[in-house]
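Subject: Structure handover

Hello,

Here is the structure I promised to pass on. Please open it alongside this note.

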Amino acid sequence: MSFSRRTLLLLFTLSLTLPQLARGQGPVRTPRVHALTGARIVLAPGRVIEKGTIVVRDGIIEAVGASVSIPADARIWKVDSLTIYAGLIDLAMPVSVTPADQGGDQGGGGRRQPDAPKEKPGAFHELDVVTPEIVLADRLAMKDGDRTGRRNVGITTVRVIPEKGVFRGEAAILDLGDGPLADNLLRREAGQVISFATASGDQYPASTMGTVAVLRQTIMDTRWYADAHAAYESKPVGLERPKTNVAFEALLPSVQGKEPIIFVTDDVLDVLRAKELEKEFGLQFAYVGSGEEYKRLHDVGKLPRGIVVPVNFPEAPSVDEPGQALTLSTETLRHWQNAPGNLAQLNAAKMPFAITAMGLKDVSAFRKNVAKAISRGLSADAALAATTTVPASMVGLSDRLGTIEAGKIANLVVTDGPLFSDSTKVRAVWVDGDRFEVEDVKPPQGDPRGTWELVATMNGTDYPSTLILSGQVGGLSGTLKVAGQETPATITQSGSNVIVSFPGEAIGETGPIRFTLTVKGDQATGDGSTAHGSFTLTGKRTAKPGLDEGGAR
Amino acid sequence: MKALLIAASLLVARGAFAAGTFAITGGTVHPVSGPEIPGGMVVVENGKITAVGANVTVPAGVERVDATGLQVYPGMIALNTVLGLQEIGAVRATRDVNEVGNINPNARAKVALNADSELIPVARANGVLVAQSATSGGVITGTSVVWKLQGWNWEEMTIKEPAALHVNWPNMITRTHNWWDEEPVKSEEDQKKEREKSLKEVRDAFDNAKAYMKAREAMAAGGARHDFDVRWEAMIPALKKQIPVFVQADEYMQIAAALDFAKEQDVRLVIVGGRDAWRLADRLAAARVPVIYDETLSMPRRSWEPYDAAYTVPGKLFAAGVPFCISTGTDDASNLRNLPYEAAMAAAFGLPKEEALKAVTLYPAQILGVADRLGSIEPGKDATLIVTDGDPLEIESHVKMAWISGDPVDLTSRHTRLYDKYRNRPRADGGVSKLAAAP
Amino acid sequence: MNRTLLLLLVALAAPVSAMAATAAGDPEAWHVRVPDQPAAVLVKNATIWTSGPQGRLEHADLLVEKGKIVKVGTGLSAPKGAVVVDAEGKHVTPGIIDEHSHSCVVGDVNEGTHNVSAEVRIQDVINSETTNIYRQLAGGVTCANELHGSANAIGGQNCVVKMRYGENPEALKLAGAKPGIKFALGENPKQSNWGDRYTQRYPQTREGVEQLIRERFQAARDYKKEREEFAKTHKGLPPRRDLQLDALVEILDGKRLVHSHAYRADEMLMLLSVADDFGFRIGSFQHVLEGYKIADEIAKRGTGASTFSDWWAYKFEVYDAIPYNGSIMWDRGVNVTFNSDSDELARRLNLEAAKAVKYGGVPEAEALKFVTLNAAKQLDIADRVGSLEAGKDADFAIWSGSPLSVYSVCEQTWVDGRKYFDRAEDLAARSSVAAERDSLIAAVKASKKSDKKGKSEAAPVAAPQGAAAFKPPKYQTSDGQGCMGKGDER
């Protein structure tokens, strides 16, 4: 089987973006000067150049315009008949925090004794849900599938937020390039994330009113802590020293209004409840919404720091059998119908909002869903603003992101039509001036997750391996166990095909190795190739994945 | 004369009145099977009603019970209860309602009836004189008994057993995720599989029991030997259509499936619960399948249904010609005394008043197949009657006297005893009670 | 314009009426417009149960202006432009007050992970969106005491709400109601019926329940002293504010009423003696099913009793519950109410009141007070609600017959002089409710078909009905593009 030209191009591109090998030949020194010519460039919502050129140098936009001189050292990318947008910014990407070696939850049932402090190493808050000291950037567990899933829809910058807890820790802002976090991080501490999430298991707080009590008491405690320590420091002699608490120390800047607070909500009543807290403590939150704001938009009123709103519109419920329609509540039916119109209403109410891909079962539906919102009355410009200029402004990065302007970071999305249209494909995404090809990816079909026993046959010899696919449909992650080694793999799903790419070093090759599996139920067939030749594959699924972890709360 | 009446009524309240043979005179008689008879008479001989009417000859020497100003009704009948099988819901040792395992047609409620349950006198003090009790665990839950609510032990109190075979129809709808629930709901596929499994269990049980019945009959006629099976044996009366199959089915698809199943298996079906029964009224009426509706005093099942959805079901069933009656449900039996108020709510929301009364007297008797003895005041039936000071469906009314098969019913209970004790506690303020004498 | 869209638009056309219509069965509060408050309302020619000194009046009128009762009497005349309700043959009562409700709470009604949770507040989790509000309006309820559950000896703070269906959570709250807090005694807080997994949390006995409560009140006393000392001397570190102890101090200071779930006579005597020792009055016992055994002791302290009419035998501690409980306590001078503790029973509290007549012979007008004025007194809101007297809120219900008759149906329910429930309107709206569902289901089916064909979304649909009611305020963003205020840039 011969390589297609496209595959060649892909491998070449991939090799440009491989992490530098510590013991290999030394760092790759490919020039990073590019000129994208002949495209329709959307500089910002409402500002378009019908045919122009963008020059990118070392990750920054050097020049953009209708007639820009192309530097002699630039690599030229002819993008005629394509459109280029500024890379999209998603301000609410929930990720899990890699566990530290803190004493974990008290497993095995039984409720806690009241007032008995938890045995955790370190001077932390006794409640599991109060962990404001966590800096997510230091404990980021983002899966490959999550990164590529978002990047493939044009998102180039994300604000990651911890998934669990009441006081969850510091969000971080990063670009979605490959490579180590150090290269991609824009802001290590981007705001304290809090919510009304209840604790899991039999831990306090188990009720929503319990979380409100925790929120109020913790904010009061933080302020008291500052006063108590100030009093002690000014005159320690003769006073018993106050306890140390890392959580309060971490929380103080937010509670003093010096640092942003990002409030994650699950429904519109959460927003109303959070506003009461704002009033009580003289704070202002930046909200992450639920899509239900339209239900009590008037009561929500003004949100000066804006709201980041998802587009995870509900699927059409099944109504085939006669008895089934009875099970559908009017609320469910109405929300199915109304949800896509939510953004248009926020826009009409002049509520400052940004759009996030959070909550989508399949991230690749993001642009299609924004398109739906546009069909329900949100202007295309407002949609683009809500994914570029508005989020940039919300986090104070307007000077660097959100539009295509000389001097800004070279985060770009190249499409073959209007960005928010179901028929448009994203062709390439640029992050910090590095290009990522986007596969001609069809919407994923079926659920290939689980454990697969594969046999690759090359030149008559069989090579067994195990592939574990996890994560979410549309944003899969993979691990390949081959030749006694475990190696992470990048997974793309297109229709019922799963395209796997893993570092060839795992089997003594150089460069990435790709293969494609076509999944039918619990069986798969496929093929791939290495430098030594091509191989065919058969596979059998031997285990299905467990239930998902569940959403942000 | 008034003092005598008062004295008599006091005696009456404590159960010291006529037994077996007597005549009730002077009250308004409500036969239920016919129009009311003002100033009517009921003659009882040896526990059976022998005459009912406005001008009836009372045989000589028969004791008269004066019911002037009062009302005479048949005793009420509560279907599908756990009376006698459960004392205190939270105390496991007092519960004999759920046997382990899914197939227990041979769990006979009769043998576990506690004749001295404190709950029984409380029920009969408000006019519930007969009940049907059944176990309700698993899928095929057991065989029920109809019994009178006064007597020495279950043997003596049993009116009919087996009364019905009881089945809990499996849930037929797929539940989607409740976003406030921490536990994820099983996938649609898994739920479907569970449902198939339960439905198969029901089907297999009936098929196996049929095969057993056939084989045993063949054995009786000289054929090969087949061992006795306690479970399939208990299903034979239902298979032979001697007793009905009471299927607990509330939701539309459950009721539809139960109808299909009963037709396929050729058994006599009674729907218990019946929340959505009105949605299939035509089918039920055409098949003459009775509905024991025990959900009157409940919330609408669905958030979008009108607020009176549960109240209006009996009225709709009646209008569509579906045979039905009203009951209180199987959660516990501590308040069977409120049976008439379930019927009353149905009357407030569309069921004609006379039908509401029949729904707790004659119709339950008919559904159980004991209407030859109970359910109305007609010659030939048992003298199982109540005398009240008003419409028994109105809350403010009281039962003044009652008989079961002509035996006077003790209307005292744990409640009246505690009432007497504590209302007579000397008052701290030394004052006088504002309350009248005990009703 | 495709057919589906047309159907949808037709179904969603808002009904037009002179006065903004009631919710008429809409299951979503946010979707409902709050009814207007007419300048004046005159209800004419009804049997009016005032629950007040005027007693029960025949052929009487009720005059309401701007949401307040102006007068109850015979032959009243309507001011110009008043809404006149012809109530001949009907009965009018004060709106029913459910003294024990969990119907309007978001999330778990218990914070059962700790045995003391005085810091949690039901007011933080009022659920404005529940259909319970509408369904209870349909049963004549206008006001409810939303309580924490009974999982803890010392539970959370309560919140009194009015059934203003359609309003947001803050607007449901009855401003100025005296704060309260839930306690619980007996089997529930000692986890008797929670199963084998729950046998470790202190306390597991009634003796332990007493000690827990006493210890917390002592701690509250000490906390209060510590704060008072610091306020005077400013010596040492400032004491930490503790939300739990704050609530307990309010109890000691008589600013927060204890409403304690309790069944057995012994445990109620225990709590009465604790309150005596610490110098406060227990606001009410809830359920109080053995209250009849110690009616004098309860009456002596002026503690109220909020009970069930006839529930019993579901737990061992209610084996001695009798339906005469209410009448005996009432007879001995206790302020008695009947409550529901149930979404379902809350709709029928008028009939529960009738049971006080049946069991013990409480006079009818007094029995009705069990679900009106007496509840207002227990919650210390009797200056505003609970009876039809001049100056009080116009919260009332109109019934087709005596409120104590099983055959009567609630026809209208008004709160603050606004008609939130009207059975005739509810019935009239049913066909359009059904039509809306049908068109939504048709739209779902149509969208599935077009999805299968691979077509893009159907044509834009009109904004939902609720949207028409919103008047979105005009917001200005500070910089026209983002939303950070001045000086907030990082």
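Which residue stands opposite Pro310(A) in β16(A)? Thr356(A) does. Before more detail, some ground rules. This is a predicted model: local features need pLDDT of at least 70, side-chain atom pairs count only at pLDDT 80 or more, and totals for chains, interfaces and linings use all residues. Residues are numbered from 1 along each chain as its sequence is written, chains are lettered from A and ligands numbered from 1 in the order in which they are written, and side-chain values use heavy atoms, leaving out hydrogens and water.

Chain A

Strand β15 (residues 307-310) of chain A and β16(A) pair in the parallel sense over 4 bridges. Strands here are DSSP runs of E with at least two residues, helices are runs of H or I with at least four, and both are numbered from the N terminus. Two strands pair if DSSP finds at least two bridges between them.

Both strands belong to an open sheet of 6 strands, in the order β9-β12-β13-β14-β15-β16 (chain A). The pairing in this sheet is mixed. At the edges stand β9 (167-170) and β16 (353-356) of chain A. Each has a single partner strand, so one side of each is left without a neighbour in the sheet. Neighbouring strands are turned by 25° against each other on average, direction ignored.

Helix α6 (residues 268-281) of chain A lies across β13 (261-264) and β14 (286-288) of chain A. This helix runs at about 160° to β14(A). Axes are lines fitted to C-alpha atoms, for helices over the stretch in contact, and angles run from 0 to 180 degrees between N-to-C directions.

Now look at Ala286(A), in strand β14 of chain A. Is Ala286(A) buried or exposed? Ala286(A) counts as buried, at 16% relative accessibility. Buried means under 20% relative accessible area, exposed over 50%, and partly exposed in between (1.4 Å probe, protein chains only). Leaving aside neighbours within four places in sequence, Ala286(A) is in contact (heavy atoms within 4.5 Å) with Ile261(A), Ile262(A), Phe263(A), Arg305(A) and Gly306(A). Arg305(A) is 19 residues from Ala286(A) in sequence, and the two are 4.8 Å apart in space, C-alpha to C-alpha.

Chain B

Helix α4 (residues 188-220) of chain B packs with helix α6 (residues 252-265) of chain B at an angle of about 15°, with their axes 12 Å apart. That makes α4(B) roughly parallel to α6(B) (roughly parallel covers angles under 35 degrees). From α4(B), the contact uses Val202(B), Arg203(B), Phe206(B), Asp207(B) and Lys210(B). From α6(B), Phe261(B), Glu264(B) and Gln265(B) take part.

Chain C

Chain C has 13 helices and 17 strands. Of its 490 residues, 63% count as buried.

One open sheet has 3 strands, in the order β6-β7-β9 (chain C), with mixed pairing. Its edge strands are β6 (96-101) and β9 (159-162) of chain C. Strand β7 (residues 141-146) of chain C and β9(C) pair in the antiparallel sense over 4 bridges. In β9(C), Cys159(C) is the bridge partner of Glu146(C).

Further along, strand β16 (residues 410-415) of chain C and β17(C) also pair in the antiparallel sense over 4 bridges. They form a hairpin with 2 residues between them. In the turn, Asp416(C) has a positive phi of about 55°. In strand β17 (residues 418-422) of chain C, 4 of the 5 residues are buried, so this strand is largely enclosed by the rest of the structure.

Best wishes

Note on methods. Parallel < 35°, antiparallel > 145°, perpendicular 65-115°, else oblique.
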